[in-house]
Amino acid sequence: MTLTVLNVAYPLAPVGLDAVGGAEQVLSCLDRALVQQGHRSIVVACTGSSAAGTLVETPAETGALDETAKGRAQRAHRAAIAAARARWPIDVVHLHGIDFDAYLPDDGPTLVTLHLPLAWYRQEVLMPTREDLWLHAVSDAQQRTAPAGSRLIAPIPNGVDIDALYKPRLRRDFALVLSRVCPEKGIHLAIEAAKRARAPLAIGGQIYPYATHIQYFTDEVRPRLDRRRRFLGPLGFSAKRRLLNSARCLLIPSLAAETSSLVAMEALACGTPVVAFPNGALPNVVEHGTTGFLVNDIDEMAAAINNSAGLDNERCRADAQRRFTLDSMVAAYMDAYRALAKLGASRAGLRAAQ
């Protein structure tokens, strides 16, 4: 069964191989997988994106990302989705943005991936009444936080392209942070921990032009940087892979519940231990004392940075190969696409017979 799938990105973040966010990376992986398997992939995303299939661009917002900009981007997305559905025989629409309800089509088989903590969504959108609108979490840990009355299908766990990520390099003595730069990611805590551990720290990440993100970088991150704790800005895939394969450890000082932590999976795929606060799904990703350390404060993170050098890199990589493969994730999404497409075809047949 050849499918035509319309993947829709969050309106304010580009997608592609060098995408920063987990949602954007998952979308790009699915786009490539659809094309590789002979399906038609159509992607609605803002300017600056790239796709293996057909890219339908909406204008990128270039100024401050406030409510006015968000509303403008959502309207552009809504129009682009309608145009794509009018042009191609779409089997499934797949939405990835936290604001998906702002441009959710009124009908047709639709899958929504809830990439972010469920508490960040409007609770009523987690209770769909349409039979052909399926919502899902990306981990069991996230699923367990669903509020009463939620109607979610089984989780589809994230996975990473282990073969593409792994490129052995000489291990160096620095800790690494890869993250969006925003208050809930706790990057300032990683800097303090690296200082107490007397370890170099490299920070790769995007500062999106939200007022709170810029203020956080200005007040909490930049004043703490020095010659050994450096901010590198956004990284493309090659630079990210180089750092992941040479770092002593990856730090995840996130203060929010991580729904799956794609970056932790990427680090393990490269054989790099993970040091993290035990928020959200991270206790299910990091095996304490074997593939990294779960820590509770800055002092524990500092000690773990030094102790991570004693962990077995090959054990980390083997764990990723066993648990976080891209093939497993893609297969689960393809199953969902086929089931939704079959449901849509059945409903269309019933309407035609009436």
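Analyst: Let's start with a word you will need throughout: buried means under 20% relative accessible area, exposed means over 50%, and partly exposed lies in between (1.4 Å probe, protein chains only). Helices (H or I, at least four residues) and strands (E, at least two) are DSSP runs, numbered from the N terminus. This is a predicted model, in which local features need pLDDT of at least 70 and side-chain atom pairs count only at pLDDT 80 or more, while totals for chains, interfaces and linings use all residues. Residues are numbered from 1 along each chain as its sequence is written, and side-chain values use heavy atoms, with hydrogens and water left out.

User: Over how many bridges do S1 and S2 pair?

Analyst: Two strands pair if DSSP finds at least two bridges between them. One place to look is Val5, which stands opposite Ser41 in S2; another is Val8, whose bridge partner in S2 is Val44. S1 and S2 (residues 40-46) run in the parallel sense, and their number of bridges is 5.

User: Which residue of S4 does Asn7 stand opposite?

Analyst: S1 also pairs with strand S4 (residues 92-95), in the parallel sense over 4 bridges. Within S4, the residue opposite Asn7 is His94.

User: In what order do the strands of the sheet with S1 lie?

Analyst: This is an open sheet of 6 strands with parallel pairing. Its edge strands, S3 (54-58) and S6 (133-136), each pair on one side only. From one strand to the next the twist averages 20°. Read across, the order is S3-S2-S1-S4-S5-S6.

User: What angle do H8 and H11 make where they pack?

Analyst: Two packed helices are described by the angle between their axes and the distance between the axes. For H8 (residues 262-269) and H11 (residues 313-323), the axes are 7 Å apart and the angle is about 125°.

User: What word describes how H8 lies to H11?

Analyst: Angles under 35 degrees count as roughly parallel, over 145 as roughly antiparallel, 65 to 115 as roughly perpendicular and the rest as oblique. With an angle of about 125°, H8 is therefore, relative to H11, oblique.

User: Which residues of H8 and H11 make the contact?

Analyst: Contact means heavy atoms within 4.5 Å. H8 brings Met265, Leu268 and Ala269, while H11 brings Cys316, Arg317 and Ala320.

User: Is Ala267 buried or exposed?

Analyst: Ala267 is found in helix H8, where 8 of the 8 residues are buried. Its contacts, leaving out residues up to four places away in sequence, are Leu244, Leu250, Thr272 and Val274. Because its relative accessible area is 0%, Ala267 is buried.

User: What is the phi of Ser261 near?

Analyst: Most residues other than glycine have a negative phi, and most peptide bonds are trans. Ser261 is in the loop between S10 and H8 and is buried, with a relative accessible area of 5%. Its phi is positive although it is a residue other than glycine, with a value near 65°.

User: And is Arg198 buried or exposed?

Analyst: Arg198 sits in the loop between H5 and S8. It also has a positive phi, near 55°, in a residue other than glycine. With a relative accessible area of 69%, Arg198 is exposed.

Terms used. Axes are lines fitted to C-alpha atoms, for helices over the stretch in contact, and angles run from 0 to 180 degrees between N-to-C directions.
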